[in-house]
Amino acid sequence: MMEPGLYHILFISTALFFIGVYGFFTRRNLVTMLMSIELVLNSVNLNFIAFNKYLWPNRLDGVFFTIFIIAIAAAEAATAIAIIINLYRSHRSIDVENAEEMKY
Amino acid sequence: MPNLTYIALIPLLPLAGFLLLGIFGRNYFKTTSGIIGTTLLLIATVLAIYTAYGYFFEYGKVAGVYQKLVPLHYTWLEFSKGVSIDMGIILDPISVMMLVVVTFVSLMVHIYSLVYMKGEERFPTYYAFLGLFTFSMLGLVVSSNIFQMYIFWELVGVSSFLLIGYYYDRPSAVAACKKAFIVTRFADAGFLIGILILSFYSGTLDFNTLIQKLTSPDSVELKNAVAASFLGVSALTWGLVLVFIGGAGKSAMFPLHIWLPDAMEGPTPVSALIHAATMVVAGVFLVARLFPVFAISAPEALNLVGYVGAISALIAAVIACTQTDIKRVLAYSTMSQIGFMMFALGVSGHGGENGLGYTASMFHLFTHAMFKALLFLGAGSVIHFIHSNEMKDMGGLRKYLPITHITFLIACLAIAGVPPFAGFFSKEEILLAAYQHNSIIYYVALFTSGLTAFYMFRLYFSIFWNKKADIHGEHHGEGGFALLMPLILLAVGAAAAGFIPFGNFVSSDGTKLESAFHLQFSILPVAIGLIGIFTAMWLYKKKNDKPDKIAASLSGLYKAAYRKFYIDELYTFITKKILFNLIGRPAAWFDKNIVDGLVNATGKATQTISEKIKGMQSGKVQQYAIYFLIGVIALAVLFIYVWK
Amino acid sequence: MSGSTIIFYLLAALILVSGAMSVTSRQIFRAAIYLLFSLIGIAGMFFWLQYEFIAAVQIVVYVGGIVVLIIFSIFLTQQAGEKLAKQKLGRQVFSALAAFCGFALTLLQVYQHDFIKTTAVAIEPTVSNIGNQMLGVNDNGYALPFEVVSILLLAAMIGCIVIAMKSKPEAA
């Protein structure tokens, strides 16, 4: 096994990103879809930090972006859960297949 | 020069009447609309006469020459520098004269219609249309821009269409109004192309600039317009000829005259206003407006005007001798008289003594408006009394309609050119101008004026003398003051208008034109006129079989003239057989099968495809997300590997 | 092989395995717990990268905030012991294929790319450095985005309350 570096971390983040994408495609429950999105966001955070560390250690921009993404993710999660709860009230279900009023 | 902006009121007052009566007439002015329209027009008439007085006697003349004044001018739509459609008012002798003629005749017709059209279902609409027509005609005569004139020209056409088709429940009236509209529209296309040619070469649409650029001998524009040629004729001539075609359509010149007799389906006062005194002279006015260009730069075009005028005058006069519907006789007589005006312009030159034809033409336009409106209104009275248009139903009416009889006689004498009535003076000037410049036209005109006297007195004797018409039961007499007052006023005009020294006011270059009165010259035309009158008297004063015998002996010619020389049939043949069959049917087939087929196929294809792919719009978030990812991957591959 | 390397591989395995379990587990509560582990793994990775502040934020916000929120919403919307509905097999295969294609393409690009490290002097990502620079108003300052994010958070908070509020029954 070789010494871990930038490429290793990029591998992890890419894999995690597509795991999240896969989950977003296959999950039918809205809460689990939200969880997949969190995975995707985290993979991006990891990317930012890795680039910051290995390529531009003289700057802190990657850190700032990560902080902003975490903040926005928190806001997004809260809003999404509010919507999910509202949907549950009206449909008695949070299955994404049941929320298809926007059909042609 | 005093403030002349009030002149804008002259056309705008009838417009106000049109809007008021057109929008509110049916609900609020069911009976008072006539009074409203007439009052507005009375104000306009007073303003027009005031303007004429001011122009001719106070501020119009500068150093012995009548100026072209432009008291109002708005640039409206500018295409490029210098080429713009403007709204303006131009004051020169002919436009001021036309202002007076149009407002006066229109006022007479308004008053006359108060009685004549009383009780009509669409009385307010009728007055609204009259207002629209008067507005457009006044706008036409004061136009300072050739495109402005075109706009009003079309408005005149529309209001004429509306008024001819006023009795829209009669199929013949509907057919007539369509015919009038289509024929004049056809001619107007020529006018439009002419405008485009003229403005292309002169770089302006403004009348004054246009005339100045196309007449001054050293102008670049004129040289270009003359140098460019098509089929051996210069572009300038083409432009003017096309403009003249527009004028010929409106003025019912041969061979575009076929709509005028049919237009008599409209109410008789309308015929008096539009198809006798005002609208049909618009073509003459148009040629007169551009007269300097015609006379100085394109004498060939002016020659064409002259010959077309002469031919129209002759043909119309011959046809008029055979018609039995009194309004149709008057219609052909109108056409014939407008032919006189046209060829008078055609034989005229520009400036000084040469411009006699121009003055004569405008003079005849003026007097003709008086006596022809009078003839139509008189015919209206007769029709109102006898409820028929046909001569055979009339006769001996002088006892029942004494005032109509006298005024009608005055008008007939005037049109026949008997001194001292108005028509004598104007027609003598025309004949003199023709005599001086073109002997062929002169003899045609001389013969035609004899025919004019003949058919007018044939009409007169058939209506008021001849046999005694059977008047059954109670009749309602001549009608009230409102019916007679216009007749009397117009009769005064027809009798006395000839004494106006017209050459002092209207001439081709604005200077004073001394119209010398030649006694020896006048003898021949007057004698020919009198021969015509006495022939008519001999044939028609008492009921006898002489006319029928003559008609039988001239059977071929008579029949041809009675059928209007088969011109209508020729048009029908050309349109129905040639245009419809050879062009219309293939075009219809092409439209139905190819064009419609393509359109339907496009629609059907769209529908089929959308049926197929609408499943993609499933409303399911995850499907959309998958499409999105596939799209992103495809784009990434495309950008990275294909379009490096 | 140093201890650091071993720790890295352990963390990587934790992140990926629990991430994969989190999107495949058919029991929603377990999925949430696997997510929790995955997020802790990422926090550990931040520690390993010596970004202690970010790691702390990650634990506080994600583990302490978002995951708790998700678990709450699971309690609110889910009947106990119920298994998640299964997705159609075709969809599963297709999604896996699409995700794998994306993964392969991205990795291909990543490994083909030659990243160049800057030669400038490094800054320590200490809390004071981060705070000074993020709230600075000079060229590298992030004061304005910081304020914008604060407004966004406020708006999101109000929006959540409005959306999730039980609408009063209409007088009908």
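The legends below describe close-up views of a predicted model.

**View 1. Chain C as a helical chain.**
Chain C contains 6 helices and 0 strands. Read from the N terminus, its elements follow the order α-α-α-α-α-α. Of the 172 residues in chain C, 23% are buried. Counting contacts in chain C between residues at least 6 apart in sequence, 47% link residues at least 24 apart.

**View 2. The contact of chain C with chain A.**
Here 70 residues of chain C are in contact with 62 residues of chain A. On the chain C side, the elements that contribute two or more residues are H1 (3–24), H2, H3 (52–77), H4 (89–112), H5 (127–134) and H6 (143–164). H3(C) gives the most to this side, with 12 residues. By class, the side of chain C that touches chain A holds 51 nonpolar, 17 polar and 2 charged residues.

**View 3. The contact of chain C with chain B.**
In this view, 5 residues of chain C are in contact with 6 residues of chain B. The chain C side of this contact consists of 3 nonpolar and 2 polar residues, with no charged residues.

**View 4. Surroundings of Trp48(C).**
Trp48(C) belongs to helix H2 of chain C, which spans residues 28–48. Once neighbours within four places in sequence are set aside, Trp48(C) is in contact with Ile7(C), Phe8(C) and Leu11(C). Trp48(C) and Ser4(C) are 44 residues apart in sequence, and their C-alpha atoms are 7.9 Å apart in space. Is Trp48(C) buried or partly exposed? There are 17 other C-beta atoms within 10 Å of Trp48(C), so this residue is partly exposed; a buried residue would need 20 or more.

**View 5. The loop at Gln50(C).**
Gln50(C) sits in the loop between H2 and H3 of chain C. Its phi is positive, about 65°, although Gln50(C) is not a glycine. Gln50(C) is exposed because it has 12 other C-beta atoms within 10 Å, and a residue with 12 or fewer counts as exposed.

**View 6. The loop at Ala252(B).**
Ala252(B) lies in the loop that joins helix H9 (235–250) to helix H10 (259–262) of chain B. The phi of Ala252(B) is positive, about 55°, although this residue is not a glycine. Is Ala252(B) buried or exposed? Ala252(B) counts as buried because it has 30 C-beta neighbours inside 10 Å.

**View 7. Helices H16(B) and H20(B).**
The axes of H16(B) and H20(B), the latter covering residues 481–496, come within 9 Å and cross at roughly 150°. The two helices, H16(B) and H20(B), are therefore roughly antiparallel to each other, as angles over 145 degrees are classed that way. The crossing of H16(B) with H20(B) is left-handed. H16(B) makes the contact through Met370(B), Phe371(B), Ala373(B), Leu374(B), Leu377(B), Gly378(B) and Ser381(B). On H20(B), the residues of the contact are Leu483(B), Pro486(B), Leu487(B), Leu490(B), Ala491(B), Gly493(B) and Ala494(B). The contact of H16(B) with H20(B) comprises 11 nonpolar and 3 polar residues, and no charged ones.

**View 8. The nonpolar cores.**
The largest nonpolar core has 211 residues, and those with the most contacts inside it are Ala373(B), Leu374(B), Ala411(B), Ala445(B) and Ala494(B).

**View 9. Contacts of Ala445(B).**
Ala445(B) is one of the residues with the most contacts inside the largest nonpolar core. Not counting residues up to four places away in sequence, Ala445(B) touches Ala310(B), Ala313(B), Phe340(B), Phe343(B), Ile430(B), Leu431(B) and Ala434(B).

Asn504(B) lies in helix H21 of chain B, which covers residues 502–505. In sequence, Asn504(B) and Gly64(B) are 440 residues apart, while C-alpha to C-alpha they are 9.9 Å apart in space. With 17 other C-beta atoms within 10 Å, Asn504(B) is partly exposed.

Key:
Residues numbered from 1 in each chain as written. Chains lettered and ligands numbered in written order. Predicted model: local features only at pLDDT ≥ 70, side-chain atom pairs only at ≥ 80, totals over all residues. Contact = placed C-beta atoms within 7 Å. Nonpolar A, V, L, I, M, F, W, Y, C, P; charged D, E, K, R; others polar. Helix = DSSP H or I, 4+ residues; strand = E, 2+ residues; numbered from the N terminus. Core = buried A, V, L, I, M, F, W, Y, C linked by C-beta atoms within 7 Å. Axes fitted to C-alpha atoms, helices over the stretch in contact; angles between N-to-C directions. Parallel < 35°, antiparallel > 145°, perpendicular 65-115°, else oblique. Left-handed = near helix turned anticlockwise from the far one by under 90°.
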